[in-house]
Amino acid sequence: MKANESKAAVIEKVAEMSLQLGGKHLADYGATRSRHDFTQRQLMACLVLRAYLKTTYRGVLEFLSVSPALRQRLGRDEKLPHHTTLQKFSARSKVLEIADAMIRSIARAHGRLEPEPEAAAMDATGLETTTASAHFQCRRGGERRKWVKLSTVVLCGSLLPLGLVLDWGPTNDKCQAQALLAKARLAAVPDTLYADAGYDAEWVHVQCREEWGVESVIKPAKHRADGRRNGLWRSGMTKPYLKRMQYGKRWAVESFFSGLKRTMGSTLTSRTPKQLLAEAAFKVLAYTLRR
């Protein structure tokens, strides 16, 4: 019973924090001529809960209908939105940007509480767009051709994301690096940024060190037969340097992805491309709020 009470308290806290955070990034209503039945931050909180509970639009509303305490946290004692209202709200063009801004604001708030700079790590992972197992797809002769690619930078100590970029895989990690670093730069200034060989490029080092003011530690990839590396910063990424800079801290981002998938699931249930990307962002936002 205590375990159930604890889980209910966490869900209520996620809903309450989402509602408070949404108020900083969303106007009360999307249009002056709307019926004003539900505020935008209430709808946003419902979408965050949907991601956290790993359910459908109908499923989260069914959960709310039997949870008076949760409805009270959201300011909805009686009337609930229709499931199509949530679906249409998640399809809006700015929803993904707002979810990303909410994630960055959490990192900035953490930075005000913990002013000492932390190290950060950058990487990407894939989220599946089908519930079919890999075994089933292999038996029917199918291949894993397309998935949602989630790229993020996380703080190594608190495992809080500084920003995220969502795209379609498979692609080279460097394709999302420029936009990802620009977003992370708005949230915090860590002392060091770790990344694997997928981000090995001189321009990535330049963007980190000369524009962001962060010391980049990136494992070099072998591009030439003789093993030589071009570039001022790439040439310094030797094994002794990586060891001295504690390159093993890069695994913090892998820990973040592991916790995200174990808690929120690794499969997306939406159908349209835009809503698949939005659902992925809500998964990261819900997991961040839970932390």
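A residue counts as buried when its relative accessible area is under 20%. The views below are taken from a predicted model.

View 1. Gln 275 belongs to helix α12, which spans residues 273–290. With a relative accessible area of 7%, Gln 275 falls under the cut-off and is therefore buried. Leaving aside residues up to four places away in sequence, Gln 275 is in contact with Tyr 57, Gln 87, Ser 90, Ala 91 and Ser 270.

**View 2. The open sheet of five strands.** The strands are arranged in the order β3-β2-β1-β4-β5, with mixed pairing. Strands β3 (161–169) and β5 (215–218) each have a single partner strand, so one side of each has no neighbour in the sheet, and these two strands form its edges. From one strand to the next, the twist averages 20 degrees.

**View 3. Strand β4 and its two partners.** Strand β4 covers residues 192–195 and runs parallel to β5, to which four bridges join it. Across this pairing, Tyr 194 is opposite Val 217, and Leu 193 is opposite Ser 216. Strand β1 also runs parallel to β4, again with four bridges; here Met 122 faces Ala 195 of β4. Strand β4 is covered on both faces: Thr 192 and Tyr 194 are buried on one side, Leu 193 and Ala 195 on the other.

**View 4. Helices α6 and α8 against the strands.** Helix α6, residues 95–113, lies across β2 (147–155) and β3, and its direction is at about 150 degrees to β3. Helix α8, residues 174–187, packs on the sheet and touches β1 (119–127), β2, β3 and β4. The direction of α8 makes about 160 degrees with that of β3.

**View 5. The largest pocket and its lining.** The largest pocket holds about 370 Å³ of space. Its lining consists of 16 residues, and those nearest the centre are Ser 34, Phe 38, Leu 43, Thr 85 and Arg 92. Two elements, α2 (40–53) and α5 (83–90), contribute two or more residues to the lining. Helix α5 provides the largest share, four residues. By residue class, the lining of the largest pocket contains five nonpolar, six polar and five charged residues.

Key:
Residues are numbered from 1 along each chain as its sequence is written. This is a predicted model: local features need pLDDT of at least 70, side-chain atom pairs count only at pLDDT 80 or more; totals for chains, interfaces and linings use all residues. Side-chain values use heavy atoms; hydrogens and water are left out. Two strands pair if DSSP finds at least two bridges between them. Axes are lines fitted to C-alpha atoms, for helices over the stretch in contact, and angles run from 0 to 180 degrees between N-to-C directions. Contact means heavy atoms within 4.5 Å. On a 1 Å grid over the protein atoms alone, a cavity is a set of points where a 1.4 Å probe fits but cannot get out, and a pocket is an open set with protein on both sides within 12 Å along at least five of seven lines; lining residues have an atom within 4 Å of a point. Grid points are joined across faces, edges and corners, and a volume is the space filled by probe spheres set on the points. Ala, Val, Leu, Ile, Met, Phe, Trp, Tyr, Cys and Pro count as nonpolar, Asp, Glu, Lys and Arg as charged, and the others, Gly among them, as polar. Buried means under 20% relative accessible area, exposed over 50%, partly exposed in between (1.4 Å probe, protein chains only).
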